[in-house]
Amino acid sequence: MWSTAREIADGDLVIIWFTRDALQPLHITAGKELNTRFGVYRHSDLVGVPYGSKVGSRNGKGFIHVLRPTPELWTLALPHRTQILYLADIAFVTSWLDIKPGSRVIEAGTGSGSFSHSTARTIGPTGHLWSYEFHEARASKAREEFTRHGMDGIVTLNHRNVCKDGFTVEDTVDAVFLDLPAPWEAVQHAKKALRKDRTTRICCFSPCMEQVMRTVSALNDAGFTDITMFETLLRPQQVDVLPAPPSVAGAAAQLKRAEARREEKRLRQIAQAQRAKRKRDDGDGDGGAEDGGAKGGKRARTEDAEDSGAADTPLAGTPAPAADAAPSAPAEERKISVSKAFPEVRGHTSYLTFAVLLPPAVYAAAQGAAEAQSSAASGAATPQADAAA
Ligand SMILES: C[S@@+](CC[C@H](N)C(=O)[O-])C[C@H]1O[C@@H](n2cnc3c(N)ncnc32)[C@H](O)[C@@H]1O
């Protein structure tokens, strides 16, 4: 669909990534300039640059990333003409409709072409997408984009009211996707377009339950089976950076250090109390030469100890501060990233109603079997009911 070359060429479509929320499609046209709040860029400066490059602006005010388009990026960057389908719904619909390379698919309406681009990539050149849009300006804009994106061989765009006029193909497609305000009005037409030689599928995308109920009735009336409805919810995550909790070894070392400090303090208090007691005792004594010498000697030793600062150093028997523990940064310095779901889930985009259309012969056989089973059940119930009566 888009360039597969390594480097950007004149005429290529690229996706300019400014920020996570600001993307823009750009057709490289030599001679033109991209002027944004993230700087000024000449298109010609991007020619020859490998896709995915980070490019600085000419006026040094910022930079951009120049990306190769994909349907996912196109969905995020496309010019909105309508509400569009996003990746979560597109992926779910593609999976449930069993759309794969070579599939033949109908979509209505085309809208902004978000679903069309993903489907075109999935089905590839061996498949085909018939896309219908009754709003003329939207149809011609989408047609222009499909041509520019090299999708002409894969997509046929029809300007048509499908509820009134039906589809342009019969007994042809593997899957139908309806994103219309009144899909129930197109259900019988869809049945005609679906091929009858194999099991096929339909999906209707509707924002309200009332629309779902009308669609389910129409699907039942038209003979579709396995009718199932899903709601896909996006659950954004927020990443926060928090202080890391201490490791077990770190916490143990911290405890050891605190214990050692407490023990030191306790021993210092005991030493102080002993000194104070000795001072008091010395004051009480008569200071005889022998006594004085002995007492003076004791005091001298104590004062020596104080002068040398020994009272502040760990005393004998005091556990040394945990020097053996691995030095660990304080918890507040170590950070970890934590991902948390947003507490509130913002509203769903739409309900997705799926149904299956069996080939007529298979459907008739299944109906016959179901009827036989129910009449057998009612036949078996009758004697019991009689007996009970
Ligand atoms: C919500 S948009 C489709 C968005 C599209 N799925 C996408 O992902 O970009 C619905 C489109 O259906 C078109 N539409 C509504 N009723 C229609 C009808 N009866 N026949 C054809 N198109 C119809 C509208 O004009 C509108 O463009």
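**A contact between two side chains**

Analyst: The side chains of Glu145 and Arg81 are joined by a polar contact of 2.9 Å. A polar contact is a pair of N or O atoms within 3.5 Å; within protein, one must be able to donate a hydrogen and the other to accept it, and residues adjacent in sequence count only if both atoms are side-chain atoms.

User: What kind of model is this, and how are residues numbered?
Analyst: This is a predicted model, in which local features need pLDDT of at least 70 and side-chain atom pairs count only at pLDDT 80 or more, while totals for chains, interfaces and linings use all residues. Residues are numbered from 1 along each chain as its sequence is written, and side-chain values use heavy atoms, with hydrogens and water left out.

User: Where does Glu145 lie?
Analyst: Glu145 belongs to helix α5, residues 136-148. Helices (H or I, at least four residues) and strands (E, at least two) are DSSP runs, numbered from the N terminus.

User: Is Glu145 buried or exposed?
Analyst: Glu145 counts as buried because its relative accessibility is 7%. Buried means under 20% relative accessible area, exposed means over 50%, and partly exposed is in between, with a 1.4 Å probe and protein chains only.

User: Now the ligand. Which residues come nearest?
Analyst: There are 22 residues around the ligand, and Leu85, Glu133, Arg138, Asn161 and Asp179 come nearest. A residue is near a molecule or strand if one of its heavy atoms lies within 4 Å of it.

User: Which backbone atoms lie by the ligand's oxygen atoms?
Analyst: A backbone N or O atom of Leu85 is 3.1 Å from an oxygen atom of the ligand. For Phe115, a polar backbone atom is 3.2 Å from an oxygen atom of the ligand.

User: And what lies 3.1 Å from a nitrogen atom of the ligand?
Analyst: That is a backbone N or O atom of Val162. As for cover, the ligand on its own has 610 Å² of accessible area, and the protein covers 91% of this. Accessible areas come from the Shrake-Rupley method with a 1.4 Å probe; for residues, only the protein chains shown count as cover.

User: Which helices supply residues of the shell?
Analyst: Helices α4 (114-123) and α6 (162-165) each supply at least two residues of the shell around the ligand.

User: How many of the shell residues are nonpolar, polar and charged?
Analyst: The shell has 8 nonpolar, 10 polar and 4 charged residues. Ala, Val, Leu, Ile, Met, Phe, Trp, Tyr, Cys and Pro count as nonpolar, Asp, Glu, Lys and Arg as charged, and the others, Gly among them, as polar.

User: Which residues other than glycine have a positive phi?
Analyst: Asp98 is one of them, with phi near 60°. Asp171 is another, with phi near 50°.

User: Where are they?
Analyst: Asp98 is placed in the loop between α3 (87-96) and β7. Asp171 is placed in the loop between α6 and β10 (175-178).

User: What about Trp74?
Analyst: Trp74 is part of helix α2, residues 71-77. Trp74 counts as buried because its relative accessibility is 3%. Between Trp74 and Ser114 there are 40 residues of sequence separation, and their C-alpha atoms are 7.4 Å apart in space.

User: Last one: where is Ala244, and is it buried or exposed?
Analyst: Ala244 is in the loop between β13 (237-243) and α9 (248-284). Its relative accessibility is 8%, so Ala244 counts as buried. Ala244 and Ser337 are 93 residues apart in sequence, with a C-alpha to C-alpha distance of 8.8 Å.
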